Amino acid sequence: MSHKKIRQGIIETCIEMNKSGLNQGTSGNLSHRIEGGMLITPTSLPYERMRNDDVVEMAFDGTVIGKHRPSSEWRFHRDILLKRTDVNVVLHTHSVYCTTLATHERGIPSFHYMVAVAGGSDIRCSPYACFGTQELSNLALEALKDRTACLLGHHGLIVLADTFEKAMWRAIEIETLAKMYVHALAIGEPPHLSEKEMAQVIEQMRRMGYGQAPDLDKVKDTPKLMSAKPAVSEVPKSKPEKPARQYPKLVKAKTTSVQTTKAQTIKVDTSAQGKIAAKPAAKAASSTKPAVKPATPKRAPKAAAAPKTKAPKAAAPKVTAKKPAAVKKATAAKKPAAAQGTPAASVSSTSFKSLVGSALNRRK
Ligand code: 13P
């Protein structure tokens, strides 16, 4: 990955960390391996203000290139990336539930099988050491032995991964586990799964590439996947490649006179009608999905699912359902032959625009 992409990835992941509730303010930090060193967040710079050239480049020998000082935690980022050649990303956050446990110097035991997402049968908590110190770095490395995460006593969480995406996924899983554990503790220490049971979980996860976007070439235990190419019979005859708009354009209606089955003449917005017609075509396109979905990350990070941007309401098809008579009239314009076969009589004109508009208003 280019340095530019890594810098962008660092900023996006930091913003995502805060948006997902995993972190707040500038209390976390993030680094990614580069040749001979790392790119790391600058200290104390709000993520929303961070630009590519704010990210600090630091060689493993401590040389820094950049206009800011690196994160105060550069020592543990550097030491982890030097020692753990199996990972590229070091993510640190003060997520609430992990930190809650860490204030009690408690790690997360095998109370739930998902604890194995950190690579072992528990997630350790290191003893306390002051932030930014070599002592903290040494203790963190110790707690991370054979693990991809650990809690830091009276401090927070460290997560390791090979990509930003997996780091976020793992951090959110672990924060969720911490939350569950804190809740479970309200009724007493829950029983722990045995080492044997956890070993089975770890093996099962390894075999299945569980919870991560699996590299299908490496994963053996996968159901047989159908070809992503749909069967010929499923291919729609029309060309559906243009995705339907989510809503019809209700401006500048071009009107066309249409005779309806009730022998009425109405004016329809032929441009809007075109948009509506596109919807069923798109549905036909989606029916070409194979019955068995090609493997997708089963456990996409919540953060990925989290964005709360509301999809615009699919107004057009719903209008069709809510106002069958009106839309039938509009649709009739598509079938001039049938419509022309009906006796003609004149009635008042109604623009399709106002029909759809009023239907939309009613839905609100
Ligand atoms: P920085 O802003 O220096 O990265 O510090 C935040 C932090 O989490 C210290 O542990």
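## Exercises on a predicted model

Leu 157 lies in strand 8. The model is predicted. Work through each task with the structure open.

**Exercise 1. Decide whether Leu 157 is buried or exposed, then find its contacts.**

Solution. 
- Step 1. Count C-beta neighbours. Leu 157 has 28 inside 10 Å.
- Step 2. Apply the cut-off. A residue with 20 or more such neighbours is buried, so Leu 157 counts as buried.
- Step 3. Set aside neighbours within four places in sequence. Leu 157 is then in contact with Thr 93, Ser 95, Cys 98, Ala 149, Leu 151, Ala 171 and Ile 174.
- Step 4. Check a pair separated in sequence. His 94 and Leu 157 are 63 residues apart along the chain, yet their C-alpha atoms are 6.1 Å apart.

**Exercise 2. Locate His 32 and state why it counts as buried.**

Solution. 
- Step 1. Find the element. His 32 is in strand 1 (residues 29-34).
- Step 2. Count neighbours. His 32 is buried because 26 other C-beta atoms lie within 10 Å.
- Step 3. List the contacts beyond four places in sequence. They are Ile 6, Gly 9, Ile 10, Met 38, Leu 39, Asn 88 and Val 89.
- Step 4. Compare sequence with space. His 3 is 29 residues from His 32 along the chain, with 9.6 Å between the C-alpha atoms.

**Exercise 3. Describe how helix 2 and helix 4 cross, and sort the contact residues by class.**

Solution. 
- Step 1. Take the axes. Those of helix 2 (residues 74-83) and helix 4 (residues 134-143) come within 8 Å and cross at roughly 40°.
- Step 2. The crossing is right-handed.
- Step 3. Name the residues. Helix 2 supplies Arg 75, Phe 76, Asp 79, Ile 80 and Lys 83, while helix 4 supplies Gln 134, Leu 136, Ser 137, Ala 140 and Leu 141.
- Step 4. Sort them. Five are nonpolar, two polar and three charged.

**Exercise 4. Examine phi at Glu 105 and His 154.**

Solution. 
- Step 1. Recall the background. Most residues other than glycine have a negative phi.
- Step 2. Read the angles. Phi of Glu 105 is near 55°, and that of His 154 is about 55°.
- Step 3. Glu 105 sits in the loop between helix 3 (96-103) and strand 6 (125-126). His 154 sits in the loop between strand 7 (149-152) and strand 8 (156-161).
- Step 4. Glu 105, with 14 C-beta neighbours inside 10 Å, is partly exposed. His 154, with 17, is also partly exposed.

**Exercise 5. List the residues around the ligand and sort the shell by class.**

Solution. 
- Step 1. Read the shell: Thr 26, Ser 27, Gly 28, Asn 29, Thr 41, Thr 43, Ser 44, Ser 71, Ser 72, Glu 73, His 92 and Phe 131.
- Step 2. Sort by class. The shell has one nonpolar, 10 polar and one charged residues.

Note on methods:
Residues numbered from 1 in each chain as written. Predicted model: local features only at pLDDT ≥ 70, side-chain atom pairs only at ≥ 80, totals over all residues. Near = placed C-beta within 6 Å. Nonpolar A, V, L, I, M, F, W, Y, C, P; charged D, E, K, R; others polar. Axes fitted to C-alpha atoms, helices over the stretch in contact; angles between N-to-C directions. Helix = DSSP H or I, 4+ residues; strand = E, 2+ residues; numbered from the N terminus. Left-handed = near helix turned anticlockwise from the far one by under 90°. Contact = placed C-beta atoms within 7 Å. Buried ≥ 20, exposed ≤ 12 C-beta atoms within 10 Å, placed from the backbone.
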